[in-house]
Amino acid sequence: MIDTKEALKKYFGFDSFKIGQKETIDSILRGADTFTVLPTGTGKSLCYQLPSYLMSGQTVIVSPLISLMEDQVSQLRQMGEKSVIAINSTLDFSTKKYVLAHLKEFKFIFISPEALNQEEVFNVFKRLNISLFVIDEAHCISEWGHDFRPSYLQLKENLNQLNQPLTLALTATATETVKKDIEQELFATRDFNEFIYSVNRENIYYQVEECEDKVEYLKQFLLTKNSPGIIYFSSKKEAERVAMLLNEILPYSVAFYHGDLSGADRIKIQQQFIHDEIRILCATSAFGMGVNKENIRFVIHYHLPDSLENYVQESGRAGRDGKQSISIILYQKGDERIHYYLQDESYHQKKDLLFLKGKTKEDLKKYDNSLTDIQKKWLNMLEKNNWNWEKFEQNLNSKQFEKRTKTQKMGFYIENKSCRRQSIINYFNNHYEKVSQEICCDNCTPDKIINFEEKDGTILKKEPFNSKELLKKLFLI
DNA sequence: CGGGCCTGATATACATCAGGCCCGGTGCGGTATT
């Protein structure tokens, strides 16, 4: 038996494992497919990096974001690992050709599910010697696979064609739905080990505020604070509007972050936030995955999150350093309707596709220009699945219903008068876990004063460059 | 889905209301073109 502890010291310089790591690594080294759920973002990459060093073949890591891949690549390179590459659209044509021709020489290969499904790429993967196939942020299969990023549902077929390599799925979100989807899509015909750790984040206080004037609430809250925080919005415009407003009245920088920003702006703002040059970020759900900022003291939801899964992901970005932090949802009746709309919207896009049923390939070419991106991808998938419309329509209806139900449950959480922490834990199906904390939530311990400010926190001066940048953006619209 | 806003009709000189319209998240990709 391999001494994993010795390997940990040798390759990473650590003396002991963090929670969940040893169990996961031992399982992989025994040759068992593994599904691991760890609550925070820290320490998950070691779960595949260490076994990778102890096995002779190559490790493939499927990752949802280019920025995530690049983080991991540079982290490995910093450790002195040269044999690492990310395959995605940032590679230019000739580099990509070169990399594919020499892919056998790389130990760690990061790739997006879309890139993996390009024919010329996948053909190369078939000839690799894959000792471990990792799906990082595996909840994306359930969250995005059914509509937003259908390539995630191709992984099942990819694994088949690669002769079922040893597979590891990693995530921080594991409701029954997510687990079911991952089981079905990745481990359908195989036994696998499952390691699920509590979602409870003891150092986060949970609070819900029903309020008419959310901006006023924010002003009151923020004027007495001096710590880094994120405010989540379900609309890009509103995130920008509130960021501008707060930037005027607060003595430090507030910026906004959403999917319309260019890649360069995203990187810049994220870096400034990580280095405390920007103190508060008004963001949509575009922000956060893979962001390792330890000292975020509060996460406020200006709008209702669309599900407890996403709420836990987003609020969980507070207090990575283990210090007392707070998560507040500002709720106003009707906040949920945008989610219902957006869920309908993606449903209707699928429904619009149904009129293509029965048409020949030649017929379909005529419509090609009028189809949305996502519709084209569905057509692509349907073709690969021999035009199984029946299955397609069934999925369409059940996924729509599932998403709506999740938003409704988020609404129940708001109204709930019992312990919020316990509600979250129950939702993630850890019913046997009973919590009781001195500092817990607004329902359990409303009288406890939450002091999460650093005593010696100094107010950094405003970055003039950045506020100018924000103003420029506003006037360009 | 549903709140907010504009428009036009009504009925009568200033306001009210019905009806229509608008708006809203997440990312891969080598799309074709100035």
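A: Strands (E, at least two residues) and helices (H or I, at least four) are DSSP runs, numbered from the N terminus. This is a predicted model, where local features need pLDDT of at least 70, side-chain atom pairs count only at pLDDT 80 or more, and totals for chains, interfaces and linings use all residues. Residues are numbered from 1 along each chain as its sequence is written, chains are lettered from A and ligands numbered from 1 in the order written, and side-chain values use heavy atoms, leaving out hydrogens and water.

Q: In what order do the seven strands of the open sheet come?

A: The order is β3-β4-β2-β5-β6-β1-β7, with parallel pairing. β3 and β7 (192–196) are the edges, each with a single partner strand, so one side of each has no neighbour in the sheet.

Q: Which strands does β4 pair with?

A: Strand β2 (residues 58–62) runs parallel to β4, joined by four bridges, and Val60 has Ile109 as its bridge partner there. Strand β3 (residues 84–87) also pairs with β4 in the parallel sense, over four bridges, and here Ile85 is opposite Ile109.

Q: Which way do the side chains of β4 point?

A: In a regular strand, side chains alternate between the two faces of the sheet. In β4 (residues 108–111), Phe108 and Phe110 point one way, Ile109 and Ile111 the other, and all are buried. Buried means under 20% relative accessible area, exposed over 50%, and partly exposed in between (1.4 Å probe, protein chains only).

Q: How do helices α14 and α18 pack?

A: Axes are lines fitted to C-alpha atoms, for helices over the stretch in contact, and angles run from 0 to 180 degrees between N-to-C directions. Helix α14 (residues 308–315) packs against α18 (residues 389–415) at about 65°, the axes being 8 Å apart. Contact means heavy atoms within 4.5 Å; Leu308, Glu309 and Tyr311 of α14 meet Lys406, Lys409, Met410 and Tyr413 of α18.

Q: How many disulfides are there?

A: A disulfide is a covalent bond between the sulfur atoms of two cysteines. The cut-off is a pair of cysteine sulfur atoms within 2.5 Å, and by that rule the count is zero.

Definitions and conventions
Two strands pair if DSSP finds at least two bridges between them.
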